[in-house]
Each structure stands twice: as C-alpha cells, then as structure tokens.
Amino acid sequence: MGQCGITSSKTVLVFLNLIFWAAAGILCYIGAYVFITYDDYDHFFEDVYTLIPAVIIIAVGTLLFIIGLIGCCATIRESSCGLATFAAILLLVFVTECVVVVLGYIYRAKVEDEVNHSIQKVYNEYNGTNTDAPSRAIDYVQRQLHCCGIHNYSDWRNTRWFKESKNNSVPVSCCQPSISNCTGTLTRPSDLYQEGCEALVVKKLKEIMMYVIWAALTFASIQMLGMLCACVVLCRRSHDPAYELLVTTNSYA
C-alpha cells in the first residue's frame, strides 16, 4: 500500500509539473495583459504602485517554469534533495501569491479614488490633437468604453477645449458608431454616448485587478497540492524501508 501511495503521489506530481509550465505561460500572459491595458488608462491614475501585483505575477510565472523543471527532474530521479527544494520553492511562491492577492484587493479599493482624483485634470488638458497624450487617452477611452465626458456628455461644457473651440460640440469620439455623419454637436445629443467615462474606467480597472487576484488564488491552490504531494513522497520514502529508488533500480537494470 505504501508503494502504491508513493507511486500515486509521484504521478500527481508529474502531472502538476506539467500544469506549472502551463500556469507559467498563463500568469505571464495575464501580467502582460494588465501592463498593456493599464498603459491605455495610465493617464487616469497616478499611483504607479498599482502595477506591483502585475509585476509579481510575471515574476511568479517565470519562477513557475523553473519550478516545473526542478519538480519534474526531482520526481523522475526521486531525489530527496530535489523534492525538498521543490517543496520549499513552492512554499515561497505560495506565500508570494498570497501577497499578490492582498495587494490586489488593496489597490483595487484605491482605483476609484485614483480615477476620481485624476480624470478631471485629464479632461481639462484635452486639446483634440493626436500628438497630445491626454487627448489620445480620452479619445481611446470614449471609443472603447462607449462613453462621453466624466459623468455624461454635458461635462464637456466645462472643459477648456470646449470653451476655446466655441462650436458647441464634443469630440467625435463621443459619437455612436451607428450614427452616420456625426459631428459631436450638442444640438443632437441622441447621436452621442449617454454614459460618463468615470464609472466605466473604474469598472474596467477593477475587473483587470480581479483577473490578477483570481489567477493568484487559482494557482496558489494548485501549488498547495504540489507541496502536499512532495511532502507525501518524502515522508513515506523516509518511513518505508521496503521502498526502493527507481534510480537505483534502473542503475542495476
């Protein structure tokens, strides 16, 4: 029964190592996705520390690839030292992912305050040219999120760009794509997106942070199973004198 239990644990370990390699790619993808998406919205928040969870996720993804390699070699060779190292590194990564979850919740709670603090300033800096970064950011957000203004399209009346242009219109990025020949004029408000951008930007950024949190929780659970299996193999091997190493068996074959 002991031999069977160890073999089962080793089989699970090998399978988990394959999952770790897949997880490494998934975590790096999620981290990169967060970086790219936040880059599109970086004018709406000033706290660069919000990206710390994404940085850690990418680092963990890279480390998971190495962990999978160590674990696979240690399991196949049935190395006590290798399995112990494998379990120790898994414990370190598990703790790191718990930190990611905590930081994710902390920064997710701060997103709304960050956006509320910055969005008015960004809209006031709008000048309608593609060479201007705030202008590009606002046009991108309004087109992508189907919104107009901070709370609604009437917020544009209070911007410097609206007062200087004196044409009683908002940027064409506020126009609904189904409306042809839309110029952004406020005399035809039905042509414009009705919802403001502030709430939608906050919602989008919170959703992105939740991806990081759920990814960290999911793979932390898998790593806990990996640590458990490694400990089972190590403990049973040290307490079962009838158990022989495959490496030894192969060397005599």
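A salt bridge is taken here as a side-chain nitrogen of Lys or Arg within 4 Å of a carboxyl oxygen of Asp or Glu. For charge, Lys and Arg count as positive and Asp and Glu as negative, with His and the chain ends not counted. The model is predicted, so that local features need pLDDT of at least 70 and side-chain atom pairs count only at pLDDT 80 or more, whereas totals for chains, interfaces and linings use all residues. Residues are numbered from 1 along each chain as its sequence is written, and side-chain values use heavy atoms, with hydrogens and water left out.

Glutamate 198 is buried and has no salt bridge; buried denotes under 20% relative accessible area, exposed over 50%, and partly exposed the range in between (1.4 Å probe, protein chains only). The nearest side chain of opposite charge, that of lysine 206, is 11 Å away. Glutamate 198 belongs to helix α6 (residues 197–239); helices (H or I, at least four residues) and strands (E, at least two) are DSSP runs numbered from the N terminus. Residues up to four places away in sequence being left out, glutamate 198 touches Val115, Asn116, Ile119, Gly149, Ile150 and His151, where contact means heavy atoms within 4.5 Å.

Three disulfides are found in a search of the whole structure, the criterion being a pair of cysteine sulfur atoms within 2.5 Å. One of them joins cysteine 147 to cysteine 197, with the sulfur atoms 2.0 Å apart. This pair links distant parts of the chain, since cysteine 147 lies in the loop between α4 (133–145) and α5 (160–165) and cysteine 197 in helix α6, 50 residues apart. The torsion about the S-S bond of cysteine 147 and cysteine 197 is about 95°, so the disulfide is right-handed. Both cysteine 147 and cysteine 197 are buried.

Cysteine 148 and cysteine 174 form a disulfide with an S to S distance of 2.1 Å. Cysteine 148 lies in the loop between α4 and α5 and cysteine 174 in the loop between α5 and α6, so the pair ties together parts that are 26 residues apart in sequence. A torsion of about 85° about the S-S bond makes the disulfide of cysteine 148 and cysteine 174 right-handed, and cysteine 148 and cysteine 174 are buried. In the disulfide of cysteine 175 and cysteine 182, the sulfur atoms are 2.1 Å apart; the torsion there is about -70°, so this disulfide is left-handed. Cysteine 175 is buried at a relative accessible area of 11%, and cysteine 182 is buried at 16%. With bonded cysteines counted along the chain, the disulfides follow the pattern 1-6, 2-3, 4-5.

The largest nonpolar core has 65 residues, a core being a set of buried Ala, Val, Leu, Ile, Met, Phe, Trp, Tyr and Cys residues joined through side-chain atoms within 4.5 Å. Tyr38, Phe44, Trp156 and Leu205 have the most contacts inside this core. Two or more residues are given to the core by each of α1 (2–41), α2 (52–77), α3 (80–124), α4, α5 and α6, and α6 provides the largest share, 16 residues.

Five aromatic pairs are found in the whole structure; rings of Phe, Tyr and Trp (its six-membered ring) pair if their centres lie within 6.5 Å, with planes under 30 degrees apart counted as stacked, over 60 as edge-to-face and the rest as tilted. Among them, tyrosine 33 and tyrosine 211 form a tilted pair, 6.2 Å centre to centre with 45° between the planes.
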